[in-house]
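Hi everyone, thanks for making time this morning. I'd like to walk you through one model, and please have it open on your own screens as we go.

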Amino acid sequence: MARTNPLQFIQQVRSEVGKVAWPTRREVMLTTVMVFAMAAVTAVFFALVDLAIKGGLRGLLSFFG
């Protein structure tokens, strides 16, 4: 693998960073809101599943105990 000197490396990095398509502020905010919303939906779903499993196990154990 060929080695480049530090100056060439920095020039290549700056060139590549210039090619990046940066998101707009609106896109970042919308994505952030969607992540929080999906995290909340997931938390509620798993809380309901947990309650259902707990209820089922309590019923099952009270039936046999």
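Let's start with the overall form. The protein has a radius of gyration of 26 Å, whereas a compact globule of 65 residues would be near 11 Å. Keep in mind as you look that this is a predicted model. If you follow the C-alpha trace along its principal axes, the spans are about 75 × 35 × 10 Å.

What does the secondary structure come to? The protein has 2 helices and 0 strands.

And how much of the chain is buried? Of the 65 residues, 0% count as buried, because that label needs a relative accessible area under 20%. The accessible surface comes to about 6500 Å², and carbon and sulfur atoms account for 71% of that.

Now let's go to helix α1. This helix covers residues 6-18, and both Ile10 and Val13 sit in it. Ile10 has a relative accessible area of 47%, so it is partly exposed. Val13 is partly exposed as well, at 37% relative accessibility.

While you have Val13 in view, look across to Pro23. The two are 10 residues apart in sequence, and their C-alpha atoms are 19 Å apart in space.

Staying with this part of the chain, let's talk about charges. The count of salt bridges in the model comes to 1. Which side chains meet in it? Glu16 and Lys19 do, with an N to O distance of 3.2 Å. Glu16 is partly exposed, since its relative accessibility is 46%. Lys19, on the other hand, has a relative accessible area of 57%, which makes it exposed.

Next, a stretch that comes with an annotation. In an unreviewed entry, UniProt lists residues 28-53 as "transmembrane region". In our model that span is 100% helix and 0% strand, and its end C-alpha atoms lie 37 Å apart. That label is the record's, while the helix content and the distance are computed from the model.

Last topic: the aromatic rings. There are 2 aromatic pairs in the count. The pair of Phe45 and Phe46 is edge-to-face, because the ring planes stand at 70 degrees, with the centres 5.1 Å apart; the cut-off for that class is over 60 degrees. Phe63 and Phe64 form an aromatic pair that is also edge-to-face, at 5.1 Å centre to centre and with 80 degrees between the planes.

Phe46 counts as exposed, at 52% relative accessibility.

To sum up, we have a predicted model with 2 helices and 0 strands, and 0% of its residues count as buried.

Conventions:
Residues numbered from 1 in each chain as written. Heavy atoms only, no water. Helix = DSSP H or I, 4+ residues; strand = E, 2+ residues; numbered from the N terminus. Rg over C-alpha atoms; globule rule 2.2 N^0.38 Å. Buried < 20%, exposed > 50% of the residue type's maximum accessible area, 1.4 Å probe, protein only. Areas by Shrake-Rupley, 256 points an atom, 1.4 Å probe, with all protein chains shown as cover. UniProt positions renumbered as here; feature names shortened; annotations may be inferred. Phe/Tyr/Trp six-rings, centres within 6.5 Å; stacked < 30°, edge-to-face > 60°. Salt bridge = Lys/Arg side-chain N within 4 Å of Asp/Glu carboxyl O.
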